[in-house]
Amino acid sequence: MASQAESLIKPHGRATSARLRVLEILLAAPHAMSHAEIEAGLEAEVCPDRVTLYRVLDWLVSKELAHKIAGEDRTWRFNAVAEDRHGHAHFHCSRCGQVFCLSELQPAFAFNLPPGYRFQRADLTIQGLCPHCSGQA
Ligand SMILES: [Zn+2]
Ligand SMILES: [Zn+2]
């Protein structure tokens, strides 16, 4: 049986072990992951160096299997793409610094554009405290 990562990658190209492993990590991640966090979960034999990781991430992003989010701290974070293709809001926790994908939350302003404007995608990052940091988890 093909894994989820494998069936996502197959229509776009070769399912190399590095591509598979990186996408698996992103699919399993509870929040968007920085390069360093992804690297920490990678076995050396799958992805021997940082250049390979950057290349794999670029490839996943170009195939819309992953998306990258520019953090307030100027760190790029990555997550597997959610079903929606029109962008979703992100939540940046000001205490722990993690970035979460709020896939259910479509930026509503994007769909109330003045006449003549055509929506493509929206980047909305909400600042606040995540459930863990606000003590609600
Ligand atoms: Zn937090
Ligand atoms: Zn996201």
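Two strands count as paired here if DSSP finds at least two bridges between them, and the helices (H or I, at least four residues) and strands (E, at least two) are themselves DSSP runs, numbered from the N terminus. By that criterion, strand E1 and strand E3 (residues 76-80) pair in the antiparallel sense over 2 bridges. The model is a predicted one, in which local features need pLDDT of at least 70 and side-chain atom pairs count only at pLDDT 80 or more, while totals for chains, interfaces and linings use all residues. Residues are numbered from 1 along each chain as its sequence is written, and chains are lettered from A and ligands numbered from 1 in the order in which they are written.

**The antiparallel sheet**

- Three strands form an open sheet in the order E1-E3-E2, with antiparallel pairing, and its edge strands are E1 (33-34) and E2 (66-70), each of which pairs on one side only.
- E2 and E3 pair in the antiparallel sense over 5 bridges, and Ala 66 stands opposite Ala 80 in E3.
- The hairpin of E2 and E3 has 5 residues between the strands, and in this hairpin Arg 74 takes a positive phi near 65°.

**Helices packed on that sheet**

- In the next two points, contact means that the C-beta atoms of two residues, placed from the backbone, lie within 7 Å, and axes are lines fitted to C-alpha atoms, for helices over the stretch in contact, with angles that run from 0 to 180 degrees between N-to-C directions.
- Helix H2 (residues 17-28) packs on the sheet and touches E1, E2 and E3, its direction making about 90° with that of E3.
- Helix H4 (residues 50-62) also packs on the sheet, touching E2 and E3, and its direction makes about 105° with that of E2.

**The mixed sheet**

- Three strands form an open sheet in the order E5-E4-E6, and here the pairing is mixed.
- Strands E5 (99-102) and E6 (124-128) stand at the edges with a single partner strand each, so one side of each is left without a neighbour in the sheet.
- The twist in this sheet averages 30° from one strand to the next.
- Strand E4 (residues 89-93) and E6 run parallel and are joined by 5 bridges, and the bridge partner of His 92 in E6 is Gln 127.

**Glu 64**

- Glu 64, found in the loop between H4 and E2, has a phi near 60°, which is a positive value in a residue other than glycine.
- Glu 64 is exposed, with 11 other C-beta atoms within 10 Å, where exposed means 12 or fewer such atoms, buried means 20 or more, and partly exposed lies in between, with C-beta atoms placed from the backbone.
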